[in-house]
Amino acid sequence: MPALSPTMTQGNVGQWQKKVGDKIEPGDVLVEIETDKAQMDFEFQDEGYLAKILSETGTKDLSIDSPIAIIVENESDIAAFADFSLSEASVESPAIDASADQAPAAAAVPAAAAPTPAAATTAATGGDRIFASPLAKTLAKEKGIDLAQIKGSGPRGRIVKSDIESFTATQAVAPAPAPAAPAKAAAPAAAKAASAVPAAASAGYTDTPVTNMRKVIATRLTEAKSTIPHYYLTQSINMDNVNKLRKSLNTAANGAYKLSVNDFVIKAAASALRDVPDVNSSWQGEFIRQHHHADIAVAAATPAGLITPIVKTCDAKGLKAISSDVRDLVTRARANKLKPEEFQGGSFTISNLGMYGITSFSAIINPPHSAILSVGTTEQRLVLDEASEKGFKAVEVMSVQLSADHRVVDGATGAQFLKALKGYLENPLTLIL
């Protein structure tokens, strides 16, 4: 199981893109892996042939480095793994002992006894390369044995299965219980599959298995809420000018693009972060890191859970570019096609629930960011207007709330940020300057 993100500790196996017997070239997509953030393609970086799939599509919660497949160098070695299984590899098994790799190895043992240890080691390594059978390589990896320490007893000093087993038994490089660990790696997947069976109709409830993404969301947000000293600032913003400018720009675009209110909010937030850079910072324990660009994470709901794709350098982009980036990132996020660098990092977060009619809400900070802006819907309000005969007028007002980390952003600094944000949105032409 590959580690496809810095926070990934386990993964789920998705659709295999290769089948047993297929040749694999560097860069070929071997299998889809569901990480703690998204479902990603695992690209193999070596040449070889897929000899055996050890973890089928749908296998869940495999720890990092758990075996999921066997890759061999030569096509002729594929048949030797037709009946291979991890559980049999951890103990003496007649089926494995009868494999094609063992016959020549057994015959070569007496002949290989004559060379000295130094000569045998040289023969096995052949300079920089270590000669070992595919099965021996697999067993050595499972047991945590460095092949360079083993004297091969096969033809021309080739390391075979019996060498791995005798090395473990006599020199105790790996502890005795170690071989069972890989075999047990698949056990949680079976247990998970069993627990996913719906409850009886009379039970009155349904148990839904927790995805890796949901587990990470639960862990990170619990940690954020319990360890970060949140405080909240609320601001009301007149959106009349934004709505007029948005309508005018969309009409002039003739379908080439379609700006949303959220696009204006992102651009205004980026400009406000440039004006108040202390908010564009993150807590690093021993120091506070101030970011030079506004890389804004936009919260997006997906079937698997919440994810925050990042729109890079918003401070240097126009409304059209921001709108295009947001649409592309959110579309690929919902299809589980984001790359790690597209949802990791960033310097500030925006969460918009206005499209659901929510007027305001208090968002949880997304570490390592020091602040998150929650955006509510736009609604009509009556305000005093001395120029009107009635003495009042109806305006479109949007409520926003800033959740800030008091370790990094003082209350006055947060207030300055919201003041700058309000200024840009109530005078949106300044975003073009």
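Me: How many of the residues of E15 are buried, and which strands do the bridges join to E15?

Reply: The model is predicted, so that local features need pLDDT of at least 70 and side-chain atom pairs count only at pLDDT 80 or more, while totals for chains, interfaces and linings use all residues. Residues are numbered from 1 along each chain as its sequence is written, and side-chain values use heavy atoms, with hydrogens and water left out.

As a setting for the strand, the chain holds 13 helices and 17 strands, where helices (H or I, at least four residues) and strands (E, at least two) are DSSP runs numbered from the N terminus. Of the 433 residues in the chain, 42% are buried, a term that stands for under 20% relative accessible area, with exposed meaning over 50% and partly exposed in between (1.4 Å probe, protein chains only). The accessible surface of the chain comes to about 21,900 Å², and 55% of this belongs to carbon and sulfur atoms; such areas come from the Shrake-Rupley method with a 1.4 Å probe, and for residues only the protein chains shown count as cover. Among contacts (heavy atoms within 4.5 Å) between residues at least 6 apart in sequence, 63% join residues at least 24 apart.

Strand E15 covers residues 348-352, and five of its five residues are buried, so the strand is largely enclosed by the rest of the structure. Phe348, Ile350 and Asn352 point one way from E15, whereas Thr349 and Ser351 point the other way, and the residues of both groups are all buried. Pairing requires that DSSP finds at least two bridges between two strands. Strand E11 (residues 296-298) is joined to E15 by three bridges and runs parallel to it, with Ala297 standing opposite Thr349. Strand E16 also pairs with E15 in the parallel sense, here over four bridges, and the partner of Ser351 in E16 is Ser374.

Together with Tyr356 and Ile358, Met355 forms a nonpolar patch on the surface, with about 350 Å² of accessible area for the three together. Patches of this kind are made of residues with over 30% relative accessible area and no salt bridge, nonpolar side chains (Val, Leu, Ile, Met, Phe, Trp, Tyr) being joined within 5 Å and like charges within 9 Å; a salt bridge is a side-chain nitrogen of Lys or Arg within 4 Å of a carboxyl oxygen of Asp or Glu. Pro368 lies in the loop between E15 and E16 as well, and a cis peptide bond joins Pro367 to Pro368, with omega at about 5°. Most peptide bonds are trans, and most residues other than glycine have a negative phi.

Asn254 sits in the loop between helix H10 (240-253) and helix H11 (261-275) and is exposed, with a relative accessible area of 71%. Asp61, in the loop between E5 and strand E6 (62-63), is buried at 8% relative accessibility. The backbone nitrogen of Asp61 is reached by the side chain of Asn12 at 2.7 Å, a polar contact being a pair of N or O atoms within 3.5 Å in which, within protein, one must be able to donate a hydrogen and the other to accept it, and residues adjacent in sequence count only if both atoms are side-chain atoms. Asn12 itself belongs to strand E1 (residues 10-16) and is buried at 4% relative accessibility.
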